[in-house]
Amino acid sequence: MGKPANNEFDPQTFLAKVGAGKTILKLEKNRHVFEQGDAADTVFYIQKGKVKLTVLSEQGKEAVVGILEPGQFFGEGCLNGHPLRIATTTAMEECVITSITKEAMIATLHTEPKFSELFMAYLLTRNSRVEEDLIDQLFNSSEKRLARLLLLLAHFGKEGIPQPILLDISQETLAEMIGTTRSRVSFFMNKFRKLGLISYNGKIEVHNSLLNAVLHDKPEIERND
C-alpha cells in the first residue's frame with residue numbers, strides 16, 4: 001500500500017502537534033493537569049506517561065478512581081456541558097499531554113470522521129470498563145477485585161509469560177482503587193506471592209496463574225469477603 005495522501009487526515013498526527021486550539025503540555029511527576037472544581041473547558045489526550053484520577057469527598061477523604069495511560073482521553077465531560085471538573089488529575093511520572101479546547105474538539109469531531117471514530121472507540125472502551133468495575137464492586141470480593149486490578153495494570157494478555165507492572169504504585173493506592181484497606185491489600189499480596197500468582201522484586205510481576213484463578217473462580221481467590 002502506498003503512503004496516504006498529504007491532505008489525508010491522520011488522528012495521531014493531529015493529536016501530536018500544536019495547532020489551532022491545541023497545546024502540548026510536558027508535566028513533571030506529581031504535577032496536576034487540573035483539580036477538582038476547576039473550570040472545565042478543555043479535553044486532554046495522553047501521548048506519554050500515566051495520569052492518576054482522584055476524587056475528594058466533602059468529608060476530605062481522597063480516593064483513586066482510575067489510572068489513565070497513553071492513548072486515552074480525559075476531561076471530556078466538558079463536551080457534555082459539565083462546567084466544573086469533578087476530579088483531580090495528577091501526573092504519576094513525566095507526561096506529554098495534548099490539550100484541546102472544547103471548541104477545537106467539537107469542530108474536529110464534526111469535520112473529521114477518522115478522529116470521531118478514534119474518540120468513539122475510546123468512549124465505548126471506557127464505558128465498558130466502567131460497567132465492568134461496577135459489576136466488580138457489586139459482586140466480587142476485595143481479594144478478587146485486587147487480582148483483576150493487577151491484571152489490568154500489567155496489561156496481561158495471552159502470552160502466558162510474567163508481565164511486570166511498569167509503574168510504582170503503592171498499596172495505599174491499590175486499596176483506594178478497589179475500596180478496601182491497605183492492610184487487606186498487604187495480606188492479599190502476600191497470599192498471592194506465596195501461591196505463586198505474583199512475584200515481587202522491586203516491581204510486581206503478574207503470572208499466568210493469577211489470570212487462570214480469576215477466570216475460573218479457583219478457590220484460592222474467594223468470591224466473598
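Modeller: The notes below concern a predicted model.

Colleague: How many disulfides are there in the whole structure?

Modeller: The search finds zero disulfides. The cysteine sulfur nearest to that of Cys78 belongs to Cys95, 19 Å away.

Colleague: Is Cys78 buried or exposed?

Modeller: Cys78 counts as buried because its relative accessibility is 1%. Cys95 is buried as well, at 2%.

Colleague: Turning to the rings, how many aromatic pairs are there?

Modeller: The count comes to 11 aromatic pairs. One of them joins Phe34 and Phe44, with centres 5.7 Å apart and planes at 40°, so the pair is tilted. Phe34 lies in strand E2 and Phe44 in strand E3, so the contact ties together parts that are 10 residues apart in sequence. Both Phe34 and Phe44 are buried.

Colleague: What sits over the ring of Phe34?

Modeller: The charged end of Arg85 does, 4.2 Å from the ring centre.

Colleague: And which parts does the pair of Phe73 and Tyr122 tie together?

Modeller: Phe73 is in strand E6 and Tyr122 in helix H3, so the pair connects parts 49 residues apart in sequence. Phe73 and Tyr122 also belong to a cluster of linked ring pairs that includes Phe9, Phe14 and Tyr45. Lys22 lies over the face of Phe14, 3.9 Å from the ring centre.

Colleague: Which residues form the nonpolar patch on the surface?

Modeller: Leu134, Ile135, Leu138 and Phe139 form that patch, with about 450 Å² of accessible area together. Leu134 is located in helix H3 and is exposed, at 53% relative accessible area.

Methods. Residues numbered from 1 in each chain as written. Predicted model: local features only at pLDDT ≥ 70, side-chain atom pairs only at ≥ 80, totals over all residues. Heavy atoms only, no water. Disulfide = S-S within 2.5 Å. Buried < 20%, exposed > 50% of the residue type's maximum accessible area, 1.4 Å probe, protein only. Patch = residues over 30% accessible without salt bridge, like charges linked within 9 Å, V, L, I, M, F, W, Y side chains within 5 Å. Areas by Shrake-Rupley, 256 points an atom, 1.4 Å probe, with all protein chains shown as cover. Salt bridge = Lys/Arg side-chain N within 4 Å of Asp/Glu carboxyl O. Helix = DSSP H or I, 4+ residues; strand = E, 2+ residues; numbered from the N terminus. Phe/Tyr/Trp six-rings, centres within 6.5 Å; stacked < 30°, edge-to-face > 60°. Lys NZ or Arg CZ within 6 Å of the ring centre and 35° of its normal.
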